[in-house]
Amino acid sequence: MMATGAPVISATQAYLKPPDWEKYNEGSLYFSKEFGKGRFVEFFILNNQKQQPEFITEQAEPEILERYGVMAARLHVLFAAYAARQEQPWKDPFDLRGTDLIKSLGLHQTHRMNKSAKLKAVADLAWIVGTLGAKIHWYEGELNLCIRHTSPIWTILYVEEFYQPDLFQETGELIEVVIRVMPGAWTEKFLNKQDEQSKKALYQYGFVNSDIFKLNHYKHNLASALALYLVQNRRFHPKGTYRIESLLRGILSQEKIEEVRQKKQYRSRFFKQFYEALEALTEIGFKFKFAPSFPKVLLPAWAELPDEKTNKLDPIETAPLEQSLPKGFFDTWLNSVVIVTAPLKIESAMKVFERKKRKALPPKSPKVSKQSNPTQKLEQVEIIDSQTDVQPEPYPALTGEMVKQMRQSQGWTQAYLASKIGKSVSWVKLVESGRRKINESSQGTLREILGI
């Protein structure tokens, strides 16, 4: 589980889109995200906090801003996951070990640095993430809730370093860091289980899984940013329907989008990069379907559409080529629709959690119609902790496609899955292709092995 309120989602964009930051005045910058109805979050840089090290306090705001990006956004999302575990995150700090963060952030995939240098990089990155402050203007009329907060998104209370002494008992190699993080005061209004029940606060959540961080951000920077955007917006886009422009505006600056629009040579390269990013996301469990109205000439080579005669999937054989695209194709492409399904683990977690919430709802009174009382539109729910012993309703039967998607998300081959379940490789192939039905006993075994 992770926090997904407006401060979290818009902070991710603040880290990902430095060119969209504007000037209050010379040397003073801000980033604003509008949410309609007079609600917005305005970000600024805090680089003069007493607990910050010299290398942060001595830097100007533009220098700090240059260090924002995908890695800062990743660490921010991890912080949001840890904050969601706290009963009262506005009061309870949490500690993270640098060696764990190296793996979680995907830094273990690079050989450009040794362990000591990676630990130092993680510690520095934490300080950078701790420089983001926000003014939150939020009004929820139906909740009779008005929030005007100014607070850091995350306060890094301290970074403790541990060194291995050398032969002369002098400071040697850095072997561990411990980072203590204090969630910002905004969590009291946006991540508050108890006060949500009495309609005094919000409790906005989503889910993230470790596969999101397996993407090598050096190789798949665009895909890494898009993965963060999609998992954070899953709650607000349950049907997964996006225009291409919405996806791009979620992760790229307006300056970057205009550059793609204006430069023909760069535009062609960007098409390829964008579809490579989507393809990389399919390898960690995302699924993409293109709306029937999506221009066929603008589809990627790996896209599949239903054949009207056979109702089977018809693979598109050609990738978009700049010279064959019609005039004005870019704006047409921006307005084209793609349907995104999050990885199965995330979808399953969301459905189970929402099912628990529905079970906790008080019975509806047949005497009161919804029209007679507009406030009935708001469901009063009791948030049940993930550790509470509540039995979910029976799951639908596993399909071959679900087995294939989960196997691939684990990085397993068909042979490896076959060995774990005690079946032949041909059995796995038949199941995944839909040519063999999964009996009840195999259903349970597969769920346990695949973690469904």
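Predicted model: local features only at pLDDT ≥ 70, side-chain atom pairs only at ≥ 80, totals over all residues.
**Strand β5 and its partner**

- β5 pairs with strand β9 (residues 173-183) in the antiparallel sense, over four bridges.

**Aromatic pairs**

- The structure holds 22 aromatic pairs.
- One of them joins Tyr 82 and Phe 94, whose ring centres are 5.6 Å apart and whose planes meet at 20 degrees, so the pair is stacked.
- This pair links distant parts of the chain, with Tyr 82 in helix α4 (residues 70-83) and Phe 94 in strand β5 (residues 94-97), 12 residues apart.
- Tyr 82 has a relative accessibility of 26% and therefore counts as partly exposed.
- Another pair is formed by Phe 274 and Trp 333: the ring centres lie 5.4 Å apart and the planes stand at 90 degrees, so the arrangement is edge-to-face.
- Here too the pair links distant parts of the chain, as Phe 274 belongs to helix α12 (residues 264-282) and Trp 333 to helix α13 (residues 329-334), 59 residues apart.
- Both Phe 274 and Trp 333 are buried.
- Ring pairs also connect Tyr 15, Trp 21, Phe 31, Phe 43 and Tyr 68 into a cluster.

**Charges over rings**

- The ring of Tyr 82, stacked with Phe 94, also has the charged end of Arg 85 over it, 4.7 Å from the ring centre.
- Arg 235 lies over the face of Tyr 205, at 5.0 Å from the ring centre.

**Helix α17**

- Within helix α17 (residues 425-432), the buried residues are Trp 427, Val 428, Val 431 and Glu 432.
- Viewed down the helix axis, the buried residues of α17 fall within an arc of 125 degrees, so they line one face of the helix.
- The cover over these buried residues includes α15 (400-410), α16 (414-421) and α18 (440-450).
- Just after α17, Gly 434 adopts a positive phi of about 85 degrees.

Conventions. Residues numbered from 1 in each chain as written. Heavy atoms only, no water. Buried < 20%, exposed > 50% of the residue type's maximum accessible area, 1.4 Å probe, protein only. Helix = DSSP H or I, 4+ residues; strand = E, 2+ residues; numbered from the N terminus. Arc of directions from axis to C-beta. Contact = heavy atoms within 4.5 Å. Phe/Tyr/Trp six-rings, centres within 6.5 Å; stacked < 30°, edge-to-face > 60°. Lys NZ or Arg CZ within 6 Å of the ring centre and 35° of its normal. Pairing = 2+ DSSP bridges.
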